[in-house]
Amino acid sequence: MMTGQVALVTGASRGIGQAIALKLAAEGVFVVATATSEAGAAGTVAAIEAAGGNACALKLDVTNSVEVEALFKKIMAEQGRLDILVNNAGITKDGLMMRMKDADWDMVLDTNLKGAFNCLREASKIMTKARYGRIINISSVVGEMGNAGQVNYCASKAGLFGMTKSAARELAKRTITVNAVAPGFIETDMTAVLPEKGREALLQSIPMERLGTVDDVANAVKFLASTESGYITGQVLSVNGGMYM
Ligand code: NAP
């Protein structure tokens, strides 16, 4: 159990982020669940509270560094500590490279990579003072292997690996670990848009012959967020049913 600890989970309104928030709360962690609207995150908080856990819902657009800074100040003012950061917020704006618009590149990099950096920077200040922390960045299997039609998304997710390893080196002596989790294809809103034909081809490329569940990912995050994972830093934990080894 991680009773008494405080976690910030970005993009916690649905999908993987929601599952992570629920999983950490079940471990006794107070979860600050954020999404682009407070109402979006409130659903997750209601589910946590219904299960007997503790959480609060706050609005956070991770691309806005002023908003990010203010949110971390608020967490410290209200909770007095921050032990765990899960950088989960992410978007896709898929399209073939030749036709990709500047805005689609910028929005994906701003959200998935710079957004994670904005939160990492603030968390590192708090955790350095406390000499303890667990930071988990949610990347993707396609950041490891590439994917046609996702040059922006794959660049952002591959960027998270370099950021994770550099931050791990900077923060290791303060007992702060920084790791990435790279999910394969997981059943969420993000993959619900896959056409049936693409889905069949995808299943053939996964040795376990199924998409992942949000709990498959949340369980990996729970471990990296725990005190038991203290000697693991700068790593990529792939949760992909063997799709990429
Ligand atoms: P999802 O269901 O589409 O949920 C995305 C979450 O990110 C939502 O909570 C959304 O909040 C939030 N978000 C989007 N833009 C944001 C911003 N600017 N600031 C703050 N929050 C923002 O996605 P998912 O499938 O659960 O994916 C979660 C993470 O896992 C992402 O980083 C994704 O890239 C990664 N991932 C997913 C898969 C997969 O197969 N699903 C595979 C590998 C990696 P709102 O509700 O307010 O929009």
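E67 and K59 form a salt bridge in which the closest N and O atoms are 3.1 Å apart, a salt bridge being a side-chain nitrogen of Lys or Arg within 4 Å of a carboxyl oxygen of Asp or Glu. The structure is a predicted model, in which local features need pLDDT of at least 70 and side-chain atom pairs count only at pLDDT 80 or more, whereas totals for chains, interfaces and linings use all residues. Residues are numbered from 1 along each chain as its sequence is written, and side-chain values use heavy atoms, with hydrogens and water left out.

A search of the whole structure finds ten salt bridges. Among them is the pair of K23 and D215, whose closest N and O atoms are 3.7 Å apart. This pair links distant parts of the chain, since K23 belongs to helix α1 and D215 to helix α9 (residues 214–225), 192 residues apart; helices (H or I, at least four residues) and strands (E, at least two) are DSSP runs numbered from the N terminus. D215 counts as partly exposed, at 38% relative accessibility. D216 forms a salt bridge with R210, with 2.9 Å between the closest N and O atoms; D216 is partly exposed, with a relative accessible area of 26%, and R210 counts as partly exposed at 39%.

Helix α1 (residues 15–26) also contains A21, which is buried, with a relative accessible area of 0%. A21 and T34 are separated by 13 residues in sequence, and their C-alpha atoms are 9.7 Å apart in space. T34 in turn stands opposite L58 in strand β3. Strands β2 (residues 30–35) and β3 run parallel and are joined by five bridges, where two strands are taken to pair if DSSP finds at least two bridges between them. Four of the five residues of β3 (residues 55–59) are buried, so this strand is largely enclosed by the rest of the structure.

The ligand is surrounded by 30 residues, of which the closest are S13, T36, N88, Y153 and T188; a residue is near a molecule or strand if one of its heavy atoms lies within 4 Å of it. Polar contacts are pairs of N or O atoms within 3.5 Å; within protein, one atom must be able to donate a hydrogen and the other to accept it, and residues adjacent in sequence count only if both atoms are side-chain atoms. A backbone N or O atom of L60 lies 3.4 Å from a nitrogen atom of the ligand, while a backbone N or O atom of I16 lies 2.8 Å from a ligand oxygen atom. An N or O atom in the side chain of T188 is 2.6 Å from an oxygen atom of the ligand. Taken alone, the ligand exposes 900 Å², of which the protein buries 91%; accessible areas come from the Shrake-Rupley method with a 1.4 Å probe, and for residues only the protein chains shown count as cover.

W105 lies in helix α4 (residues 102–130) and is partly exposed, with a relative accessible area of 36%.

Key
Buried < 20%, exposed > 50% of the residue type's maximum accessible area, 1.4 Å probe, protein only.
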